[in-house]
Every structure is written in structure tokens, then in C-alpha cells.
Amino acid sequence: MTADSVHLTRRYWFSASHRLHHPALPEQENRELYGKCNNPGGHGHNYFLEVTVAGPVDPRTGMAVNLAELDQFVQNRVIEPLHESSLNEQPNFREQVPTTENLCVEIYRVLEEGWPGMESARRARLERVRLEETSSNFFEYRG
Amino acid sequence: MGAAMAATMGAAMIYLTRRAEFSASHYYHSPALTPEENQRLYGKCANPHGHGHNYVLEVTVGGEIDARSGMVVDLKDLKEVMSREVLEVLDHRFLNREVPVFHHVIPTTENLALEIWRMLAPKLEFCRLHRIRLYETPDLFVDYFGPAKDVSGEW
């Protein structure tokens, strides 16, 4: 970490539904493992997503990251595809259970994949994704 | 309490966070950029009449628990330093015009967090400043852990 690096966190939200169900497990075992989250109709959450980037402050602009660019990036890569969707229908969740753990890692991967193309990536790195499923449950992933 | 337990407690590292709020206005203008570049980069934030925020500041100090007092820091000392060194300087001010450091430093949330660290660190000789977290809005905050500090996985 270089001198005077700051960690900037931006908070976003989206709504989505999911059903926790593992196709390799018998019905009974799915019900025991996932409880109400296994109900066939699925259920939804308002997810709150925090994206943290870290880097030194650019003395010309006073910023570590261009916030407008970051917002557009997260909007395009995460919010737009996931908001008001059924997570089980998303390509990445055809094979894996859309738990918030898995979703948190997927969001990090999608952001990490596109990050090098960002102008802000010249100074700042993607540091952390935090995903809140409810106000009582949240997960963090740093790659 | 046994001596061994007391010794363990004395060595325990603990972090204490004190939260405070202040309201201030600012605008963004970089003398290193052309007027067009300023407008493009900062958008509405470039309006020279400024706009305001209710900032929320979190100051975290770390240390060992004092065996005699059971505290890591005397909270009234911390409150007094925060109030004198930060809140009285920034609260209800137009940062660009009324706070001298921002005559030449752009008062972004990033720079404001850095400057608050610099205002506080020399005055907190009675404890160890660990982190400044500054919320500009509930959806945007900056953390700063001091110069050249590797904090990977520490927060």
C-alpha cells in the first residue's frame, strides 16, 4: 500500500428473488438444509451492495476514483443485470446455488473482470465487495 | 480475578470508535484542469456557490486496555480533541473559503478524510489513532488508516 492510500466505499442496492435448492441433493435433504429458503416459489430480498476501491488520491483531481465512472460500471455490470431478476435464472446460477455467499463472490468476479478497462484502475484497485442480504446478514469478499 | 487473567486482559488490543457529525458546504474546482475539464469531471459539484452535506465522522483509536481504569482511552479527552480540532474548524463552514487548507486542496471526501487525520493525529498523543471513516452521505464513505500503512485485511 502506497502512502496516503484511501479506501472509498460506495453503497448500492438491488432487489432479486432466489430459491436455495441443490439439484444434486434429494428433495428431503434440500428441505432440511435450506428450510424456508427451499420453498419452490422462491422469495426475494433487497440486497445492499458495498463496493470498496483503494488507491492514492490524485493531486490534480482530489479523487482516488472517478465516482461517476464507478457508478456507471457497477450499474452496468451488476445492478442492471440483477435488479428485479430471479437469480436462479442467471447464467452463473444454473449450476450453483444462489446463496448470498455465492452471489457475493460472483459480483466480485464480474467487477474484477471489467476493472482493468476502467480509467480509475490506473490509480485504484478493487478491494472488497460486501453484500447484505438483510440488515442482519452480510458477506464480504476480497478476492 | 487471577493474576494470569489480569495479565491477559492488560495485553488485549481493542478498538474504540467515536462518532460525530458536522455540516459543511464545498465545491470542486481543480486549478490544474481547464474550465471544461472541471465541468466534465465534477458536474454539479463544480458549482462555485457550493452545496452541503451532513458529514458523519468516525474516529477509531486502538490500544491496550488500561488495567487500572478498564479503558483504552478516556472518552472525554477524545471527545474534547475531536470537538476542538475538527468540529469547531469544519462545522457550518464553507470549506473552500473558510478553512485555509482547502484554499489549495480540493475538499473531496478523500482529501477531507486525510486532512482530518492530520488535524487529529498530533493531538492524540494519549492514544493511537487507527482509522478515520468519513461519510459524505449514507451511500459514500472513505476510510483512511494513516500514511504508508498496510491495512490489508485489517478492517
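Biologist: Which strand of chain B does β1(A) pair with, and in which sense?
Modeller: β1(A) pairs with strand β5 (residues 140–144) of chain B, antiparallel, over 4 bridges. Strands pair if DSSP finds at least two bridges between them; strands (E, at least two residues) and helices (H or I, at least four) are DSSP runs, numbered from the N terminus.
Biologist: What is the bridge partner of A:His7 in β5(B)?
Modeller: B:Asp143. This is a predicted model, where local features need pLDDT of at least 70, side-chain atom pairs count only at 80 or more, and totals for chains, interfaces and linings use all residues. Residues are numbered from 1 along each chain as its sequence is written, with chains lettered from A and ligands numbered from 1 in the order written.
Biologist: How many residues are in contact between chains A and B?
Modeller: 16 residues of chain A touch 25 of chain B, contact being C-beta atoms, placed from the backbone, within 7 Å. Strand β1 (residues 5–18) of chain A gives the most to chain A's side, with 6 residues.
Biologist: Why is B:Arg97 called partly exposed?
Modeller: Because 13 other C-beta atoms lie within 10 Å of its own; 20 or more would be buried, 12 or fewer exposed, and partly exposed is in between, with C-beta atoms placed from the backbone.

How values were computed:
Contact = placed C-beta atoms within 7 Å.
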